[in-house]
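I opened the model and kept notes on what I looked up. The entries follow in the order I made them.

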Amino acid sequence: MRSTSRLTAAAAFVSASLLLAACSSSTGSTSTASGSSGSAKGQITIGVDLTFNNTAFWAAYINYEKQYAASMNIKLIGPLLAGSDASEQNTQIEDLVNEGAKSIVVNPETATSLGPAIAYASAHHVQLVSVDTVVGVGHVYMVVRASNTAYGQDACAYIGSQAKSGYVLDLEGDLTSSNGADRSNAFDACMAANYPGIKVLKDPTVWTDATAVTDAQNAVNAYGSQLKAIYSQWSAPDTGIIPLLKSKGFGASGSANHVMLVSDDGVPFEMCDIGNGSLDASQSQPANLYAQYALTYAVDAAKGVTLAAGQPGGGAPTLQNVTYQGDTNLSDPIVAPFVTKTAQTLTLPSPVDQLPASFTTNAVSDSTLWGNVYGAAHGGVCSSS
């Protein structure tokens, strides 16, 4: 079940268009994706298979993907939508291979669910680019994803900077997914190492909005003013949690009994909510860069470009190898900004996973944040609130 007030507006985003700059390759002379636009050889056919399209983030991603595909002279097949059905996603990828896709962009259901699809595609000399999720069940050409351990640590650093005791609710995503597991593990480890006086309440939600809102309501009712913060690992539950907190007198920032709310995605309505004080912070998962570089590497894969760790990345300074469940794949670990109302520097005594101990947040007024750019192009960031 999904919240509808903002998602209805988000769905409208898909039909609108943005004026985007043409994509350039992330790997300099080694990559050839930038040369595909207007190529005399015609369009390159790229398949797309996603898990979701019914959130504000994925609606924006699809819109960006269409725009970048047009500027790069790519013919898209899809996006096909697998929902939460891993078996269906494997079948869909086989179908994309059979329909002539030269490479395929996929948002995997889980990090370990694509084994059959990877094997089938490889047998037909088609490579996959995984977006937003690492892969631990075979070889893909590239993983385009921000560090989700950084998401968890950033949320911990912000919450711990303002609370040293009481309870914090962690609304965990799907712990079988690399994203949910990374965010949860990093958040929990960071809180334990740096703020032992805070008790973390861990509620698994499997990315279900209604479950997250119900869990938040239960925590508010059980702990009252001793509940200091809620970390929602994705943005959609905000639409139910914010009015809940307001109704209980724990709402806007600056109020005496304010319960902090931190979420992940960076969609336009989060920029609105941070600006008005009903949301404290959000990790800005860059939908624009995910779309741009997923297609960039898909073209590289289709053209047989060989890439290696240490070469210049697109969203990261260099390409890096990432290992999950024993499989190692090349990745472009895009840096995702952490957005607060005003810019501030946060420092942890004990960072986790070799992450930096100190970082500076981005002010929500930063006009370059993708959520602000996208929101401005669609009537303003508060138009979907």
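I took helices (H or I, at least four residues) and strands (E, at least two) as DSSP runs, numbered from the N terminus. This is a predicted model, so I noted its limits: local features need pLDDT of at least 70, side-chain atom pairs count only at pLDDT 80 or more, and totals for chains, interfaces and linings use all residues. Residues are numbered from 1 along each chain as its sequence is written, and side-chain values use heavy atoms, with hydrogens and water left out.

**Entry: Ile 118**

Is Ile 118 buried or exposed? I set the terms before answering: buried means under 20% relative accessible area, exposed over 50%, and partly exposed in between (1.4 Å probe, protein chains only). Ile 118 has a relative accessible area of 9%, so I filed it as buried. I then listed what Ile 118 touches, leaving out residues up to four places away in sequence: Leu 128, Val 135, Val 137, Gly 138, His 139 and Val 140. A contact here means heavy atoms within 4.5 Å. I also checked Glu 94, 24 residues from Ile 118 along the chain; their C-alpha atoms are 9.0 Å apart.

**Entry: the whole chain**

I counted eleven helices and 16 strands in the protein chain. The chain has 385 residues, and 58% of them are buried. I took contacts between residues at least 6 apart in sequence; 72% of these join residues at least 24 apart. The accessible surface comes to about 14100 Å², with 51% belonging to carbon and sulfur atoms. Those areas come from the Shrake-Rupley method with a 1.4 Å probe; for residues, only the protein chains shown count as cover.

**Entry: salt bridges**

How many salt bridges does the structure hold? I used this criterion: a side-chain nitrogen of Lys or Arg within 4 Å of a carboxyl oxygen of Asp or Glu. The structure holds three.

I looked at Asp 182 and Arg 145, whose side chains meet at 2.9 Å, N to O. Asp 182 is in helix 6 (residues 178-194) and Arg 145 in strand 5 (residues 142-146), so this pair ties together parts 37 residues apart in sequence. Asp 182 counts as buried at 17% relative accessibility. Arg 145 also counts as buried, at 9%.

Next I took Arg 183 with Asp 264, a salt bridge of 3.6 Å, N to O. This pair links distant parts of the chain, with Arg 183 in helix 6 and Asp 264 in strand 9 (residues 260-265), 81 residues apart. Both residues are buried.

I then noted Lys 202 with Asp 188, where the closest N and O atoms are 3.9 Å apart. Lys 202 is in strand 7 (residues 198-204) and Asp 188 in helix 6, 14 residues apart. Asp 188 is buried, with a relative accessible area of 17%.

**Entry: helix 11**

Which residues are buried in helix 11 (residues 370-377)? I found Trp 370, Gly 371, Asn 372, Tyr 374 and Gly 375. Just after helix 11, I noted Gly 379 with a positive phi of about 95 degrees.

**Entry: Asp 95**

Asp 95 counts as partly exposed, because its relative accessibility is 35%.
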